[in-house]
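Please have the model open while you go through them.

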Amino acid sequence: MKQVIFAEFGGPDVLELVDAEAPHPGPGQVRIAVRAAGVNPADWRIREGQILGAHPVELPSGVGLDAAGVVDEIGAGIDGVEIGDHVFGEGSSTYAEFAVLSVWAHMPEGLTFEEAAGYPSVVETALRIIGQVGVEPGQRLLVSGGAGGVGSAVLQIARGRGIAVIATGGAANQDYLRSLGAVATTYGEGWVERVRQFGRVDAALDLAGSGVIPELVELVGNPQKVVSIADLSAPEFGVRFSGVAGSMSTALAAAAELISEGNLHIPVEKSYTLAEAAAAHIDSRAGHTRGRRVIVI
């Protein structure tokens, strides 16, 4: 099979498309013929050697955590799935023609593989950080960097829970943020005062890693009510950095339910081939995404 790997930590140029042996599922796992793989910031952070604790790496290593595809092998001890089923979930080395998933769910009806691949880690992260920041119905949440995949999920999930959201984003994404139920404002000079005009802020999420944590703490008034998934310096300000995945099976079930009910939709901004994995990482690292980026096999 074709697979994207890296043999050393570094920039996007360390990614290689190679011929590799196809993996096989162990107990409690399934293998899929990958139709699409999600592109997540965790992918390039791992490639750079930034975050390894939750995702230990043995070089050379494959790339990718999320995927959607067709089940073609089933490991021991598995019930509720059959060869040919369409599933989405999380595994390892998903930038490949075949990949093993450790956690999965059946794809909601009407969802394409390309769309489905963008949900697993995004929804897990959104659910996790909303819980960690402790925001309640009737309160107001500030989301810095609301237009990306996680932000898109946070805004819709929060809206469904009766949480008011203020979201910051680029000028081109203001209407998109509003379409997801947020009060929107732009980055840049004066953004703190613009946010203050919208009223009290009870909690804040940093999704962009743009160096705004001191301002978020100032707006909220309590560093324990701020969570970042993008700024590794967060603990220096008393803010939690949330980089470890929680319950993926719960998140997949929640995603499937929200999608089926029409309460969650994350658009695919751009798709890439396996040979374009480096370009996908460059674009993901640059930010300013509206929705998700995926690799299509």
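1. A word on the ground rules. This is a predicted model, in which local features need pLDDT of at least 70 and side-chain atom pairs count only at pLDDT 80 or more, while totals for chains, interfaces and linings use all residues. Residues are numbered from 1 along each chain as its sequence is written, and side-chain values use heavy atoms, with hydrogens and water left out.

2. Please start with D85, in the loop between strand 5 (66-74) and strand 6 (86-92). Helices (H or I, at least four residues) and strands (E, at least two) are DSSP runs, numbered from the N terminus. D85 is buried and yet has no salt bridge. Buried stands for under 20% relative accessible area, exposed for over 50%, and partly exposed for what lies in between (1.4 Å probe, protein chains only). A salt bridge needs a side-chain nitrogen of Lys or Arg within 4 Å of a carboxyl oxygen of Asp or Glu. The nearest side chain of opposite charge belongs to R35, 13 Å away; Lys and Arg count as positive, Asp and Glu as negative, and His and the chain ends are not counted.

3. What does the side chain of D85 make a polar contact with? The partner is the side chain of H106, at 2.9 Å. A polar contact here is a pair of N or O atoms within 3.5 Å; within protein, one must be able to donate a hydrogen and the other to accept it, and residues adjacent in sequence count only if both atoms are side-chain atoms. Leaving aside neighbours within four places in sequence, D85 is in contact (heavy atoms within 4.5 Å) with G69, V70, V71, G80 and H106.

4. V70 deserves a look of its own. This residue is found in strand 5 and counts as buried, at 17% relative accessibility. Beyond four places in sequence, the contacts of V70 include R31, I32, A33, R35, D85 and F113.

5. Now the helix pairs. Two packed helices are described by the angle between their axes and the distance between the axes. Helix 3 (residues 120-133) and helix 8 (residues 248-260) have axes that come within 9 Å and cross at roughly 100°. That makes helix 3 roughly perpendicular to helix 8. P120, S121, V123, E124 and L127 of helix 3 make the contact with M248, A251, L252, A254 and A255 of helix 8. Axes are lines fitted to C-alpha atoms, for helices over the stretch in contact, and angles run from 0 to 180 degrees between N-to-C directions. Angles under 35 degrees count as roughly parallel, over 145 as roughly antiparallel, 65 to 115 as roughly perpendicular and the rest as oblique.

6. Helix 1 (residues 41-48) and helix 9 (residues 277-286) pack with axes 9 Å apart, at an angle of about 105°. On the helix 1 side P41, D43, W44, R47 and E48 take part, meeting H281, S284 and R285 in helix 9.

7. Two backbone details are worth checking. L59 and P60 are joined by a cis peptide bond, with omega about -5°, and P60 sits in the loop between helix 1 and strand 4 (61-62). S93 is not a glycine, although its phi is positive, about 50°. S93 lies in the loop between strand 6 and strand 7 (98-106) and is partly exposed, at 22% relative accessibility.

8. Finally, the structure holds 13 salt bridges. In one of them, K2 pairs with D19, the closest N and O atoms being 2.8 Å apart. K2 lies in strand 1 (residues 2-6) and D19 in strand 2 (residues 15-19), so the pair ties together parts 17 residues apart in sequence. K2 is partly exposed at 33%, whereas D19 is exposed at 61%.

9. D283 and K270 also meet in a salt bridge (3.6 Å, N to O). D283 is in helix 9 and K270 in strand 14 (residues 268-272), 13 residues apart. Salt bridges that share partners join E269, K270, D283 and R293 into one network.
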